[in-house]
Amino acid sequence: MTDILDPAKNAERRNTVLATARRSLKVDGDEAPRRAAVADRLASHPAGVVPARGQLDTKGRVDLFETMAKAVDATLARVAATADVPGEVSDFLRQNNLPQQIRHGSDARLEKIPWESQKTLEVSTGIAEDATTVGVSHAFGGVAESGTLILTSGDDNPTTLNFLPETHIALIDAKDIDGDYESVIQRLRDHYGAGEMPRTVNMVTGPSRSADIEQTLLLGAHGPRRLHIVIVGA
Amino acid sequence: MEIRSPQFKGNVRAALDDQALQRAMGNVRSGFIQKRANAAAKLPEFEDLRDEARDIKNHALEHLDLYLEAYEEKVTASGGHVHWAVDAEEARDIVTAICKSVDARTVTKGKSMITEEIGLNDHLERNGLTPIETDLGEYIIQLRGEHPSHIIAPAIHVNKDEVEDEFRRVHTHLPVDRNLEDPRTLLSEAREILRHKFQTADVGVTGANFLIAETGTSVIVTNEGNGDLTQLLPRVHIVVASLEKIVPTLDDTAQILRVLARSATGQDMSVYTTFSTGPRRPDDPDGPEEYHVVLLDNGRSSMLGTDFQDMLRCIRCGACMNHCPVYHTVGGHAYGWVYPGPMGAVLTPSLIGVDQSGHLPNASTFCGRCESVCPMRIPLPKMMRHWRQREFERKLSPATIRAGLGAWAFLAKRPALYQMAMSIGMPVMAWWAGKTGRMASLPLAGGWTKHRDLPAPEGKTFQQQWKQRQEGTPT
């Protein structure tokens, strides 16, 4: 059985599949124009049709992001500065009858927040655990056209914080809200290098949901029941 | 999965008489169509994006061999493994071998049609592994011992009270007198039970909506978050995907994402679109330690360069079945294999042979709604017609159909005789129908009239009207 994982066997199967594809396409794989077309597309990654919806100035993008995120059942607050975040988070937890406990990763922007300004707020760091009720992460970016958060994995923002706790609070800097996916993809390329990605990029558009029982929409399937977004600097 | 497509007619009769199924199918008719229409109307560029999405996939398919090579190189560079599988059996064996290599016992699964195509769950069970479906709909039908009846809403054929019955039957550790009236309670119960399964599973298996050549990334698109927990918590993540999921770049993926959710559920974006590239990195505190991609061909490379290449553009949104009057009437199980509705009627003969599934491309009125809503502009009716033609040429269709078509062809090739037959036939049918203009029964057409009346022809024949129009006489 484990024989099937033998690299030599894998190479044989690979050759079979590629040979069949080439026979069907009537090519041999060495044609220079085809190779150039592929190399060119991978290098130039043309953008295609980008909707006008998100082509706005900074204020317009933030406003659209808010409208779209609320339309998919996220809640959203704006704060002027980092110093205002603890108060906002604490208020949100109180209003939703949630314990004053949050957990986040090692993101420098989160470490710098003066959480201690809220005396009752307990802050821990690390990946999400069974007992974690509220996960806090800092978004890499946002996309105004659909109210979508862009979250990247790593020690700074462990992916489990986005999925395991019942409540997810995501912070995003107003300047990181782009109009469209293409803009944020370009920022990912600039940050991680061309052709490179972090292990996980999560595009999150609202809290978890399911319509699998009689097409009735219910929030909170397997991921967070609540998604609260805090825009910083708007 | 057992092929029951040859019994299509029997399946249909059973489906039409199944009251619970007919009640459930009402949810398809009422929900999906309006939601898609609203979402499309709100995006002025929607039609242009459909063109773009079609062109991207056409380009990817024309260069599939090269993009597959580029994709594999990037996956390997990010620390992942690509396993090539020529057919379903190889794909099953590879997944099972990976599970065994880490002494796995339980395997959580994200929603995946490709693992249905290769019959993975049965195979895992035969090898002593326990597969656990984690999508709510998939979980429900796994409990019921069924297969999906829709490619994005697998339990669309099940009513709420049936879910309640199933949960009471299986979740015996919970109080018998608990109230499960509210669907939210059902959801919470499934959430609690599956949460434990996510945390204890050894391997997570997902499908992929896209494989991106630029970065060696697999993408899943979900609403529940189960796919993410499936690939995030176990030690090993296995992606099972077919060749044609390849797209060149991240930007190309963004283009197709804009038409995917709108066409499927009417959302602008599904809740979770997750890009996975390789296993856990040195600075990652969570995520899988091993990342494997099983790249399945299963006949697809042979579809390239044929009349059916366009079918490989399909992104499995389900819009074609959501808009199909035949699917609405008979549900997904009647199609007898993995893929139902118009996309299944085209794809199934390619994958299992038209001799096994000739009924499916015939189960269409050619109303054209599937093609009109397909985000990838796949000419589904045309390809069904290709299959009908092949079936006829290979003499696979029943003698009665062949005789009927023969008689029709005989008349159609002789216009004078055809017109005479029509001018006799139409008044006879009108007389048979009587004052109502509808026929509740008709010799040789019992299959039609059992479930609905046949309207009688009215007025003049098409040929007569055409002639009058050519002569300038008002009709």
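Why does the radius of gyration of chain B agree with that of a compact globule? With 475 residues, such a globule would have a value near 23 Å, and chain B has 25 Å, which agrees. The radius is taken over C-alpha atoms, and the globule rule is 2.2 Å times the number of residues to the power 0.38.

This is a predicted model: local features need pLDDT of at least 70, side-chain atom pairs count only at pLDDT 80 or more, and totals for chains, interfaces and linings use all residues. Residues are numbered from 1 along each chain as its sequence is written, chains are lettered from A in the order in which they are written, and side-chain values use heavy atoms, without hydrogens and water.

Take chain B. Its C-alpha atoms fill a box of roughly 80 × 60 × 45 Å along the principal axes. The chain holds 23 helices and twelve strands (DSSP runs: H or I of at least four residues, E of at least two). Of its 475 residues, 58% are buried (under 20% relative accessible area, 1.4 Å probe, protein chains only). Among contacts in chain B with a separation of 6 or more, 71% join residues 24 or more positions apart (contact: heavy atoms within 4.5 Å).

Now the partner. Chain B brings 112 residues to the contact, and chain A brings 80 residues. Together they bury about 8000 Å², 58% of it on carbon and sulfur atoms (accessible area lost on being put together, 1.4 Å probe, summed over both parts). Trp84(B), Arg191(B) and Asp251(B) supply 9% of the area that chain B buries against chain A, more than any other three residues.

Notes
Buried means under 20% relative accessible area, exposed over 50%, partly exposed in between (1.4 Å probe, protein chains only). Buried area is the accessible area (1.4 Å probe) that two parts lose on being put together, summed over both.
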